[in-house]
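Student: Could we go through this structure together? I would like to start with the strands and then move to the side chains.

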Amino acid sequence: MSGTTSWSPATCANKMFTGIVEEVGVVKDVSLTGLRIAAATTLEGAKVGDSTAINGACLTVTSMGEGQFSVDVVPETWRRTNLGKLHPGDPVNLERSLSFGGRMGGHFVQGHVDGTGRIVEISPDGDAVMVRFEADPGVLRYIVEKGFVSIDGISLTVVGCQSDSFSVTLIPFTRANTTFKERVVGDVVNLEVDILAKYIERFLNRDGEGEHDGAGRSW
């Protein structure tokens, strides 16, 4: 795998995910260059070269065996995600890339992790649970109340924003069927913000700086 973010230009550039976790896999092995994961649903119809989101990071399947698959991980991915904190036996959220014509249950997730956050509070919220995360300002600037955020590959709605943190509510099903059932205060999670926010900011910052046509419009 190669590239400058947690994806492979050869196989992940045009892949999308929904943030709906298909299953929780188990880490079998961690090496300097990759991971080996035990899975079931994720392997159905899979082949070498396919893209799979592991805790929200798009990675390329490099080999497959009985009930398991391997991925390569480049240094930038180790730096930008929580994958470097994994150990054999740890659970990970898994999702295969979105197939054409498939259901869109979450939001468009690229699998390009923007950075990590840290759980600072977990509190009851009726039958649900409210979880608050601290994150770097560079990530928080793109997170808005009622907007989407991908946390360890899970599509969630932001219910509150503060200057240094944000909160989401987890329904019982999400907790029971993702790695959140294992999460505690202090744990580090992968964050991917809505790509539209970054594009809008980029276009607004470039307004008036590009070339102009005869009508004074810039591009």
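Student: Which residue of S12 does Ser 150 stand opposite?

Tutor: Ser 150 stands opposite Glu 192 in S12. Please keep in mind that this is a predicted model.

Student: How many bridges pair S9 and S12, and in which sense?

Tutor: S9 and S12 are paired over 3 bridges, in the antiparallel sense. S9 is also joined to S10, by 4 bridges, and these two strands run antiparallel as well. In that pairing, Ser 150 stands opposite Ser 155 in S10.

Student: What joins paired strands in general?

Tutor: Strands of a sheet pair through backbone hydrogen bonds, and the pairing may be parallel or antiparallel.

Student: What about the hairpin of S9 and S10: how many residues are between the strands?

Tutor: There are 2 residues between the strands, and in this hairpin Asp 152 takes a positive phi near 50 degrees. Asp 152 is a residue other than glycine with a positive phi value.

Student: Is Asp 152 buried or exposed?

Tutor: Asp 152 is buried, and its relative accessible area is 1%. The side chain of Asp 152 also meets that of Arg 183 in a salt bridge, at 2.6 Å from N to O. This pair links distant parts of the chain, 31 residues apart: Arg 183 is in the loop between helix H3 (172-176) and strand S12 (188-193), while Asp 152 is in the loop between strand S9 (148-151) and strand S10 (154-161).

Student: And what is the relative accessible area of Arg 183?

Tutor: The value for Arg 183 is 19%. Arg 183 counts as buried because the cut-off for that word is under 20% relative accessible area. Arg 183 forms a salt bridge with Asp 187 too, with the closest N and O atoms 3.7 Å apart. Both Arg 183 and Asp 187 are buried.

Student: How many salt bridges does the count come to?

Tutor: The count comes to 10 salt bridges. One of them is formed by Lys 198 and Asp 114, whose closest N and O atoms are 2.6 Å apart. Lys 198 lies in helix H4 (residues 195-206) and Asp 114 in the loop between strand S6 (91-96) and strand S7 (115-125), so the pair ties together parts 84 residues apart in sequence. Lys 198 is partly exposed, with a relative accessible area of 23%.

Student: Now for the inside. Which residues touch the most other members of the largest nonpolar core?

Tutor: They are Phe 133, Ile 143, Ile 151, Phe 166, Val 168 and Phe 180, in a core of 22 residues. At least two residues of this core come from each of strand S8 (128-135), helix H2 (137-140), S9, S10, strand S11 (165-170) and S12. S8 gives the most, with 4 residues.

Student: Which strands does S8 pair with?

Tutor: S8 pairs with S7 in the antiparallel sense over 8 bridges. S8 is also joined to S11 by 6 bridges, and S8 and S11 run antiparallel. Val 129 in S8 stands opposite Pro 124, and the bridge partner of Val 129 in S11 is Leu 170. The hairpin of S7 and S8 has 2 residues between the strands, and Gly 126 there takes a positive phi near 65 degrees.

Student: Changing topic: in what order do the 6 strands of the barrel close?

Tutor: The order is S1-S2-S5-S4-S3-S6, with antiparallel pairing. From one strand to the next, the twist averages 45 degrees. Within this order, strand S3 (residues 51-54) and S6 pair over 3 bridges in the antiparallel sense. Leu 94 in S6 is the bridge partner of Ile 54.

Student: One last item: where does Asn 55 lie?

Tutor: Asn 55 lies in the loop between S3 and strand S4 (57-65). The phi of Asn 55 is near 50 degrees, a positive value in a residue other than glycine. Asn 55 is buried, with a relative accessible area of 1%.

Methods
Residues are numbered from 1 along each chain as its sequence is written. This is a predicted model: local features need pLDDT of at least 70, side-chain atom pairs count only at pLDDT 80 or more; totals for chains, interfaces and linings use all residues. Side-chain values use heavy atoms; hydrogens and water are left out. A salt bridge is a side-chain nitrogen of Lys or Arg within 4 Å of a carboxyl oxygen of Asp or Glu. Buried means under 20% relative accessible area, exposed over 50%, partly exposed in between (1.4 Å probe, protein chains only). Two strands pair if DSSP finds at least two bridges between them. Axes are lines fitted to C-alpha atoms, for helices over the stretch in contact, and angles run from 0 to 180 degrees between N-to-C directions. A nonpolar core is a set of buried Ala, Val, Leu, Ile, Met, Phe, Trp, Tyr and Cys residues joined through side-chain atoms within 4.5 Å.
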